[in-house]
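A few lead sentences come first, followed by points grouped by topic.

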Amino acid sequence: MSDTHSNTVAYVRDSMLPEATPPLTEVGAIRWLRENLFSGVLNIILTVLGISSVIWIVLHIGPWFLNAVWNAESLAECRQILDGATGACFGVIKDRWHQLIFGFYPPSAYWRPTLAFVLMLVALAPILFAGAPRKLFWFSAIYPALAFWLLWGGTIWFPIIAMAGFAVGYLAYRVTLPLSTLAATIVGVLATILWWLYLTGPISNMLSGALPIGIMPIRSDSFGGFMVSTVIGVTGIALSLPIGIVLALGRQSDMFLIKTVSVGFIEFIRGVPLITLLFTASLLLNYFLPPGTNFDIILRVIIMVTLFASAYMAEVIRGGLAALPRGQYEAADALGLDYWKAQRLIIMPQALKISIPGIVNTFIGLFKDTTLVVFIGILDPIGLSNAIRADSDWNGIYWELFGFIGLCFFIFCFGMSRYSQYLERKLKTDHR
Amino acid sequence: MKKTVFVGTLAAAAAIAGTASAAKLDDVKARGELNCGVSTGVNGFSAPDSAGEWQGFDVAVCRAVAAAVLSDPKKVKFVTTTGQTRFTALASGEIDVLARNTTWTFSRDVDLKFTFAGVNYYDGQGFMVNKALGVSSAKELDGATVCIQTGTTTELNLADYFKVNNMSYEPVPIETNAEAQQQYLAGACDVYTTDASGLAATRATFADPENHILLPEIISKEPLGPLVAHGDDQWSEIVMWTLNALIAAEELGVTSANLEELAKGTENPEINRLLGNEGDLGPMFGLDNEWAKRAIMAGGNYGEIFAATIGESTPIGLARGLNAQWTQGGLLYSPPFR
Amino acid sequence: MAMTNESSGASFRPSMLLYDTRYRSMTIQIVVMFMLMAGFAWLVDNTVENLRALGKDFNFNFLSVRAGYDINQRLVEYTNDSSHGRAMLVGLLNTLLLALVSCVTATVIGVIAGVLRLSKNWIVSRLMGLYVEAFRNVPLLLWIIVIFAVMTESMPAPSAFRGENATSSMLFFDTVAITNRGVYVPGPLFTTSLGAINLGIISVSINFLLILAVVVGSLWANIRLLRHATAVQEATGLRPVTWWKSLLILFAPITVVLIALGFHLSYPSLQGFNFQDGTFLRNSFIAMWLALSLYTGAFIAENVRAGILAVSRGQTEAAFALGMRPSWTMNLVILPQALRVIIPPLISQYLNITKNTSLGIAVGYMDLRSTLGGITINQTGRELEGMLLLMLVYLAISLLISGLMNIYNNSVRLKER
């Protein structure tokens, strides 16, 4: 190519100059530094401030970590080993980590909550990840009974018979369906409730007498630490989902009374601090229930936490409903679907899918808020840190416990928030 | 999704729920377990060890009652309560006995409607200060910053004391003993005030106990004891006499070591009545004759429990003081077993 | 049933109550109302029965009984001889004070952190990311406890300021003392007092009212001046010089009033165990303030970031094309538009701050929950009345805040025509 034109015009250069190396300030690390750290006066100041604060923190916390003592039976022993130097005494974590995680659960049964936790992830997989096999939904459906049995133990018949309540209800529904749909629904629900109230106990007792299959029963007062936070948080969120859906629909309803009640409930719960609801669970619930009723504080807390979470859940789902295009509602109407069918087949599946990131965020908030149960004497991680410090061996220890608890919370919540961000990005369909 | 857990637990809970109107003793026996309210952690009085077993002076009372009623000191369900939730838990019947450093006062007895089953520790509110402060009397504390545990009688006593002596102070209310200790050691308050036993126990765990002194003033009477709800005399008597049995056992020289020996019968009719070889004391309140023997067996007599949990050989190192037997110049005085 | 009376015409059949859409919603509402009333009656009946079994009654007389306990931080007159009702008022004011200052600082922190997180400066954006994630993913309660402990452990005790060889000294020409009990700053004092107006429960100093009136008046006058200047500018194209008039209007009246009242500062000084005089910001207050601001600030930062990202990229490019500086672009173009996205979540963050002040119990901050919901309930045994009152007060505060913020939100919302 150059041959043909080489001599036609003298002043046209016929060969490329070799590429000059860019100036030193425009390549590699220096360019990066210049563009990212020192691009202006303000940026230089910010960079210097940032770097110096990092150095300051490292200088102050570094020795504490480096001198950490892991093998000590008590704080006094730690102090002896450190001999005046600053250093962490992680012996307390080594000594008490199992309590911070499982509370007073018998060590021989630690596999049960662990297994329940792992299975929970499996059960959640079809809900959270679209790629999971759909058959896992069946596992998700029986998981609550399984988790109950694993955590509380006892005879295996009780959860099985309780689960059978759904089958009984469905059967009753099918049998009465020819009469009328409404009657069938009422009969189905009633049958399930009656089954739970009057037949579950006797039948499971009978079966466990005949066929004693079961594991050691463990009561909820031995729950503690992160286990109790997880149980309260997960149960609260799971139970609040149906209530939240009903409240969200109620808030959108045309019926004045239904709408008023839903709005009133949601605004009331969202207007008072969780801690007052927890105190209600611990101080007042006994007033509101029939005389002589008396059940477990953890169950009472779960009830109040469920009510609390359902108000927030209702708002999340309302957001999901609002995000659906109006055309979806109109299309459902055009197909001649009635209200419930439209909700079940068209609206809810889409609205819930959009709401999942919001639900995960609600769960993160609730999980963090479970730390408030320490104020009503439940030994969650923070409560246990107080109890551990009441032991003569560890009296006076401080940062190590809070650091450990904070780290655990961080790992949990950060992981979940990352998941919800990933989902949000995936669900984001508008292209801008 | 978790509906069954909820309903299942509800059903299970409803199944074990007792009725408040029935006699407590029957409830406890039917349940096979004593629900005992303790604090979430007070050094020496109640705290879980690394195996998750509750240990301490208050805990021992619960174990003794469980041993007397259910023949097994392990059959106790410890319900942790805070200063705020303890009374409601007792009034609602969630717990059968509250053993949580609770001061016996008129209004708690009459207005809040609880029955105190005696006193297991005679205490009084004291002050602890750093030696470097150069204070030797509580009268010199005008203008001081005082750490107090909130939700107790302590803050009322403190307000009264400074008012009577015409002094001012800056209260720093703290939720738990562990936090208060942290504040005090860092110098965020000049004085830490709580029950003198608690102060001594706290000081014992300091890195430098010799630099802190307890001021001589004891500004209140704090008779601490287990309590039950009003309205079931039989139950309050069981708790009261179990405590008395522990105290009487020490007075009579019955220890966990010689208990089996003495239970075979002795010359002393009072010991025989206590241990069930003579008379029918137990059946009078619905227990068998060996109830006291079992209660003492659980953790030893009062003196043994004291020595094992908060006594001078423990890190807490409390002297018996007022809590010695009346024969030794203390206040412990069990009514006769007759 | 009442429904039959409302039926229209002879063709009415009872089944229409269920299958006719005209009647169905009415039927459902009446059924729901009956169920609600039954449920409510059941709760009330249980409560009455339980109260009788416990030998208690339901009344609020305890609010007028002597409280007997002391409160360290009080914005109105209170001694241990005051009533429980008064203690509740002190707690309520403490709650409101904490919520107010935390909302302000959380907003400032949140906006700065949110903007800096999008900064091109690698270190700064990473540090802000670290801050946001660390605070969002660890429970607030833990942060409160940790910040409180850090302040207690790392600041000097008042005794360190004492004596010849003091290890610590006061800052800013001996006017501010930072101790592990809190921060002592100079406090305002007046030599002349104009008395106080007694409003029944609280008495308000006339000095304070006067200063407030003067400040509000000056601000209003200044706004009038600026509006006038704008009007002149629009009419003539020339903006009159206003800066010295503004300064005069803003500062002259207040200075005159302050001098007339004999305004001076009282400086903290070490006397006895503690610093005396000046204004004392207690550690519990500072810890709550910092923790609430930093924690909520992290959430607000995320909202701000989302709001800025929601403003279309073209807006920035258009601003650059007009030759605006980056800082102007941010302040005049991006933030005003982002504000519309930011404000609704900001309202709920403010509500969260208000509700989270109830965690003050963890560090002994004497807010509403610690006074009424804590010591008062504990000393009087009136948990039912106390908790109901507590919930109602919190509810009222929340509704008030969301009402006010919604009015503001409506005023800045994009007016679509």
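In strand β9(B), Ala144(B), Val146(B) and Ile148(B) point one way, while Thr145(B), Cys147(B) and Gln149(B) point the other way, and all are buried. The model is a predicted one. With six of its six residues buried, β9(B) is largely enclosed by the rest of the structure.

**Strands around β9 of chain B**

- β9(B) and β10(B) run parallel and are joined by six bridges.
- Within this pairing, Thr145(B) has Glu170(B) of β10(B) opposite it.
- β9(B) is also joined to β11(B), by three bridges, and these two strands run parallel.
- Val191(B) in β11(B) is the residue opposite Val146(B), and Thr193(B) in β11(B) is the residue opposite Ile148(B).
- Strand β11 (residues 191-195) of chain B has five of its five residues buried, so it is largely enclosed by the rest of the structure.
- Strand β8 (residues 125-130) of chain B runs antiparallel to β11(B), with five bridges between them.
- Tyr192(B) in β11(B) is the bridge partner of Met128(B).

**Contact between chains B and C**

- Chain B contributes 31 residues to the contact and chain C contributes 28 residues.
- On the side of chain B that touches chain C, at least two residues each come from α4 (86-91), β9 (144-149), α6 (154-164), β10 (169-174) and α7 (177-186) of chain B.
- β10(B) gives the largest share of that side, with five residues.

**Loop residues of chain B**

- Gly56(B) sits in the loop between β3 (54-55) and α3 (57-70) of chain B.
- Gly56(B) is buried, since 27 other C-beta atoms lie within 10 Å.
- Apart from its neighbours within four places in sequence, Gly56(B) is in contact with Gly44(B), Phe45(B), Ser46(B), Ala47(B) and Thr309(B).
- From Gly56(B) to Leu259(B) the separation is 203 residues in sequence and 22 Å in space, C-alpha to C-alpha.
- Most residues other than glycine have a negative phi.
- Asn101(B), although not a glycine, has a positive phi of about 40°.
- The loop between β5 (97-98) and α5 (106-110) of chain B holds Asn101(B), which is buried, with 25 other C-beta atoms within 10 Å.
- Lys113(B) is not a glycine either, yet it has a positive phi of about 65°.
- Lys113(B) belongs to the loop between α5 and β6 (114-116) of chain B.
- Lys113(B) is partly exposed, with 17 other C-beta atoms within 10 Å.

**An open sheet in chain C**

- In chain C, three strands make an open sheet in the order β1-β2-β9, with antiparallel pairing.
- β1 (177-179) and β9 (279-282) of chain C are at the edges and have a single partner strand each, so one side of each is left without a neighbour in the sheet.
- From one strand to the next, the twist averages 15°.
- Four bridges pair strand β2 (residues 182-185) of chain C with β9(C) in the antiparallel sense.
- Opposite Val185(C) is Thr279(C) in β9(C).
- Helix α9 (residues 283-310) of chain C lies across β2 and β9 of chain C and runs at about 60° to β9(C).

**Helices and annotated regions of chain A**

- Helix α9 (residues 181-210) of chain A has a kink of about 55° at Leu199(A), shortly before the proline Pro202(A).
- Gly188(A), Thr192(A), Trp195(A), Trp196(A), Thr200(A) and Ser204(A) are buried residues in α9(A).
- An unreviewed UniProt entry carries the annotation "transmembrane region" for several stretches of chain A, among them residues 182-203 and 223-249.
- Residues 182-203 of chain A are 100% helix and 0% strand, with the end C-alpha atoms 29 Å apart.
- Residues 223-249 of chain A are 93% helix and 0% strand, with the end C-alpha atoms 36 Å apart.

Conventions:
Residues numbered from 1 in each chain as written. Chains lettered and ligands numbered in written order. Predicted model: local features only at pLDDT ≥ 70, side-chain atom pairs only at ≥ 80, totals over all residues. Contact = placed C-beta atoms within 7 Å. Pairing = 2+ DSSP bridges. Axes fitted to C-alpha atoms, helices over the stretch in contact; angles between N-to-C directions. Buried ≥ 20, exposed ≤ 12 C-beta atoms within 10 Å, placed from the backbone. Bend = angle between axes of the 7 residues up to and from the residue. UniProt positions renumbered as here; feature names shortened; annotations may be inferred.
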